[in-house]
Amino acid sequence: MTALGARVQRGDRATVLARSRARAALLPDLLVEARRIANIITPGWHGRRRRGIGEEFWQYRPYAPGETVARIDWRRSARDEHIYVRDLEWQAAHTVWLWADPSPSMLFQSRGATISKESRALVIVLALAELLSRSGERIAYPGAFAPTASRLGAERLAASLYGETALADQPDLSHVGGASDLVIVSDFLDEPEAIEARFAPLAARGTRVHFVEVADPVEESFPYAGRTEFLDPETGEKLTAGRAETIAAEYRALYLARREALSRFAQTRGWTHTVTHTDALASAALVRLFGLLSGEGSA
Amino acid sequence: MIGFGAPLVLAGFIVLPAIWWLLRLTPPRPETETFPPLKILMRIIRKDETPHKSPWWLTLLRLALASLLILALARPMLNPQADLSTGDGPVALLIDNSWISGPDWDARQITARGLIEDAGERGQPVLMAFSAMAPNAEIGPFETEAALERLEAAQPEPVSSDRNLALARLTEGARDLAASGGVSLALLSDGLAAANPLPTPDATVFSSVTLFSPAERRALALTGTDNGADAMVVAAARDPSQMEAAVMNVTAFDSRSRPIASAPLTFAAGEDTGEARIELPFELRNAIASIAIDATPQAGAVRLLDSTSGRRRVALVAAATADGAQPLLAPLHYIRQALLPFADIVEPEGDDLEAVIAQALDDRPSVVVLADVGVMPEAARTRLQGWVEDGGMLIRFAGPRLAATESGDDALLPVRLRSGERALDGALSWNEPQPIAAFPAVGPFAGLPAPQDVSVRRQVLAEPDISTPERTWASLTDGTPLVTGRTLERGTVALFHVGSDAVWSNLPISGSFVDMLRRLVRLSSAAGSGGDAAGGTLAPLRTLDAQGRLGQPPATAKPAEAETPVSFENPPGLYGVADGFRAMNLFAADTRFAPLEPGADWPTLTRAAYADTAETDLRGPLFAGGLLLLLLDALAVLWMSGALRGAARAPRRVAASAALGLFVAGGSVSGIDHARAQSTDNAPAAQVTEIDELAAIEAISQTRIAYVLTGNAIIDETTEAGIRGLSDYLASRTALEPGAPMAVNPETDELAFYPLIYWPIDPDSPAPSAAALQRIDAYMKNGGTVLFDTRDQLTSGLDPNASPATRRLRDMLAGMNIPPLEPVPQDHVLTKSFFILTEFPGRYRGSPLWVEAANAPVGDQPSRPVRTLDGITPIMITGNDFAGAWAADAFGEPLYATVPDDPLQRLYAYRAGVNIMMVMLTGNYKSDQVHVPALLERLGQ
């Protein structure tokens with residue numbers, strides 16, 4: 001009887017990119033919810049359907065006293081008795097930090113899963129990058145990719161990740177700005193305390209964090225039985241269970257409690273927590289993320 | 001009791017503790033799983049909780065497995081055979097092949113084979129003699145192969161063991177071999193003491209003696225018959241080892257082996273003799289040709305009867321020529337009518353009395369009746385007197401001619417007669433017609449009631465002398481003799497003092513006349529006195545074999561003298577010619593059986609039992625049990641290592657796979673037959689006592705051909721398709737449109753509904769029970785026909801022995817009353833009942849179709865088909881695989897190619913089936929066709 005799960009090699013970035021493109025193609029352009037965004041001066045390509053700094057005409061409005069005269073549209077004002085100010089549509093880009101957990105624990109795929117956790121994480125990250133790039137948002141990857149707005153953002157992110165051989169197991173969050181979104185794709189199997197300690201400072205900075213938890217089905221269901229030796233891919237530790245089926249219930253309770261704790265941690269800060277299983281399609285999680293980022297899916 | 005062939009291996013149990021220690025120490029190898037959330041797991045499991053010892057039950061399982069293996073390797077045997085090799089020298093075998101050897105002959109052969117092979121391994125020759133063998137038979141010394149061949153060729157003989165000759169010859173032969181080492185004598189006995197006590201084996205020749213006796217002796221024999229006044233009393237003897245009360249059944253058969261009657265044979269507890277009374281009318285009792293104990297295929301259980309207890313032949317001679325127009329006035333008419341039921345009548349024709357009497361005596365009658373014969377030609381008289389003196393019985397009737405004869409000292413008359421007759425009833429007579437007085441208490445008519453309605457009007461009178469009263473067997477009320485008789489040498493002469501017609505008295509037309517004649521005929525010494533049958537040297541006619549079947553005498557059978565005892569060269573049977581034979585039976589009256597007890601002075605004696613009956617090798621079951629445990633162990637290890645976790649969600653699958661494992665293991669222990677055996681075991685218990693009405697209506701609403709289910713699906717399907725194919729052919733070719741074939745189980749189903757039951761023999765299926773065979777037997781007796789098909793024509797030619805199917809058929813038929821069989825003769829009704837056929841091929845060709853033999857031809861008169869009784873042959877046997885040729889699929893395409901592949905052969909096979917069915921349904925009606933020429937001739941055309 002072969003093992004239920006196995007370690008896998010890191011996925012080929014090009015393949016992952018192609019797959020993430022396919023996922024991304026299913027979603028409309030991702031526009032980070034405008035109302036969430038504070039004063040951002042970095043111009044973006046897409047109008048935010050409100051007045052602001054931009055290049056496209058948005059509206060004429062009556063001149064309010066106190067406004068700078070330079071903004072009066074004289075041609076329009078000459079048509080009637082009122083004085084109009086010409087507003088432009090606000091075109092602004094938002095920075096979204098993306099990060100996929102590269103730790104060895106992600107390099108795992110069970111027989112029931114269609115893909116490894118690491119591959120799933122990359123697909124989600126690159127698909128988001130593709131969507132955001134298409135929308136003109138700036139994407140960034142801690143430690144690998146500075147905030148960039150480019151139509152080819154996803155390719156460039158993939159290329160930079162491809163070149164990066166030794167990615168840090170934990171993201172360097174020092175550069176993440178306050179008014180940006182951070183998407184963390186990981187299995188969150190570390191101790192909850194460590195995770196909370198790592199991300200809590202971001203709340204103070206005002207960064208909005210989206211936890212995307214990638215879970216392999218066997219991690220959740222624990223279908224092991226009989227005498228089983230468990231091997232931690234991260235630390236290489238071994239643990240032998242005499243009759244694994246006897247501890248399954250206890251394990252599941254703990255596993256779900258951990259997830260619950262993470263979810264609660266996110267909710268109390270207005271952050272989000274999404275779970276994607278590697279035996280399901282990435283699209284589900286992607287759609288939910290899309291909603292969260294565009295403000296449609298969140299309350 | 002259990003013994004071990006290699007007991008030293010049992011020392012292997014010493015290592016069991018070591019195995020136990022090792023098993024306790026080594027846990028099963030865990031399955032390694034990569035598991036990222038190990039940290040969570042670590043909060044549950046403490047490392048020191050990991051068991052590194054096997055669970056106790058797994059250890060126990062493996063210890064049991066090891067124990068089983070050690071036990072199996074030690075070659076355990078149930079009831080082990082003693083070590084047979086008695087010495088290093090040559091072996092002399094004295095093998096009993098007596099009449100009782102049939103049931104355990106195989107065991108005896110196996111034991112003998114083991115002894116011969118043992119000797120062969122030691123390079124020693126073998127002397128081998130049988131208790132029933134020709135006096136000059138070769139006894140060796142033989143090499144192993146030659147001895148084995150002779151052993152295979154030997155078979156039980158229908159005689160008692162006579163070991164003295166064999167032992168003498170063995171002693172002689174062994175003396176020559178004794179130089180090379182002590183000869184060990186193995187006596188493979190049937191357990192019964194012979195008539196002559198066995199001499200002590202010569203200790204100087206035989207170093208040791210091993211006496212093999214069967215574990216159970218089942219000697220059971222009929223020792224005598226007595227055809228009494230009202231019943232045939234059969235005496236039987238049984239083995240003294242079986243003393244409990246028992247009731248068996250004896251069946252009497254006529255000369256064509258048809259059962260006539262049966263009666264219980266009762267042995268009281270503690271008695272080794274028993275008795276059966278077959279109560280039958282006298283005529284039927286005379287027809288009994290043999291009596292056999294049911295279901296005991298031994299020569300001793302069959303008693304043959306010859307004509308001493310059979311019908312008498314009576315020759316009728318009258319001086320007056322019968323007037324064909326007035327039969328009631330013919331002198332012999334009433335005698336003939338009275339004698340016909342219980343005697344064979346011979347009536348020589350002609351006017352010349354001398355020729356007539358000579359002709360009558362040529363037929364070797366038991367009784368000669370002379371009706372109103374006065375003067376006989378001297379030659380005829382002399383011959384007749386010689387015949388009577390040799391034991392014949394002469395019955396004479398008075399009449400005008402006798403009355404007119406001056407008798408003088410006629411030796412052929414019991415008394416001197418006065419010349420002329422006495423008239424009791426006439427116009428000038430004072431006398432009244434006289435009735436008959438009560439019969440005297442002694443004499444042939446003792447016990448008969450005196451007829452009240454008989455009166456005598458005329459009679460011839462005896463000249464009274466001193467011997468008249470004692471010669472008077474019956475008299476009138478006035479004391480004058482009516483019937484007189486006396487013995488003449490070994491014969492008897494009797495005289496009715498009245499005529500044989502109704503003129504002188506009405507005695508001949510009374511019932512008493514029949515009784516009186518019957519008594520007189522019973523007096524006759526039968527067997528055709530004066531003939532050669534009773535004396536002289538008689539050639540064997542038909543002899544019994546060891547199974548008690550009457551058949552052609554073996555080549556070794558020799559003619560027997562009157563006093564010749566039964567021996568190997570004179571096996572029990574019928575000696576003589578078909579018209580007059582003497583029965584030689586195995587046992588004289590008052591035979592008792594005694595066990596064979598060796599004398600105290602025998603050389604070192606070892607007693608042993610036969611191999612086959614005792615020794616059972618237990619290795620197979622033990623290894624199978626080990627395999628089962630191994631399977632369980634594998635399942636347990638798989639389960640513990642979690643390999644079954646996929647199945648754990650579906651426990652049913654685990655259970656199923658475990659059950660499958662158990663089934664496979666169980667199958668290897670006892671074979672698939674187990675399940676079948678169980679089903680057949682249950683069958684008799686669930687015997688149908690009432691006919692299932694719906695099934696019965698279904699069965700009889702159409703004519704159906706039935707076939708017997710063998711349990712083998714392929715054979716059953718083929719048979720079903722075959723019968724269906726034949727039914728279709730019948731429907732298309734004949735007026736018969738049979739219904740769908742009906743599968744029957746002879747154990748349970750009612751058979752009487754079917755005209756024909758097709759029975760394919762499958763040697764691999766369980767044999768039908770005795771009850772089922774009895775049902776089949778009854779079915780055949782009641783007019784049904786069973787077509788047995790051994791389906792082995794293709795293979796049987798290659799095998800010199802009988803094929804398994806044939807052997808199975810023999811075993812089955814051994815328990816039934818099967819008439820004599822013959823291949824279908826050319827003029828049999830089966831060859832012309834619908835199609836004209838010369839052979840009956842099926843899928844194969846060449847095997848004859850065996851049917852009940854027709855009557856033997858009489859003289860030059862053709863026996864068939866005119867003389868064939870109305871009965872249809874109750875049994876047909878072929879090996880041609882009819883159903884295989886008939887089998888067709890739904891489109892009428894044949895399922896199996898014929899061998900050889902000839903379309904015409906299949907056509908003939910169908911035609912054979914049609915003919916068989918036609919005979920089944922119309923009987924011998926087609927036989928009448930042979931009468932057509934005679935009928936046409938009679939019609940004057």
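Start by selecting helix H4 (residues 105-121) and helix H5 (residues 144-153) of chain B, which pack at an angle of about 170° with their axes 9 Å apart. The axes are lines fitted to C-alpha atoms over the stretch in contact, and angles run from 0 to 180 degrees between N-to-C directions. H4(B) and H5(B) are therefore roughly antiparallel to each other (angles over 145 degrees count as such). Helices here are DSSP runs of H or I with at least four residues, and strands are E runs of at least two, numbered from the N terminus.

This is a predicted model: local features need pLDDT of at least 70, and side-chain atom pairs count only at pLDDT 80 or more, while totals for chains, interfaces and linings use all residues. Residues are numbered from 1 along each chain as its sequence is written, with chains lettered from A and ligands numbered from 1 in the order in which they are written.

H4(B) brings Gln109(B), Ala112(B), Arg113(B), Ile116(B), Glu117(B) and Gly120(B), and H5(B) brings Thr144(B), Ala147(B), Leu148(B) and Leu151(B). Contact means C-beta atoms, placed from the backbone, within 7 Å.

Next, bring in chain A: 27 residues of chain B are in contact with 36 residues of chain A. On the chain B side, strand E2 (31-34), helix H2 (38-42), helix H15 (619-640) and helix H16 (645-648) each supply at least two residues. H2(B) gives the most, with five.

Finally, select strand E11 (residues 228-231) of chain A, which runs parallel to E2(B) and is joined to E2(B) by four bridges. Strands pair if DSSP finds at least two bridges between them. Look for Glu229(A), which stands opposite Thr32(B).

Conventions: Two residues are in contact if their C-beta atoms, placed from the backbone, lie within 7 Å. Angles under 35 degrees count as roughly parallel, over 145 as roughly antiparallel, 65 to 115 as roughly perpendicular and the rest as oblique.
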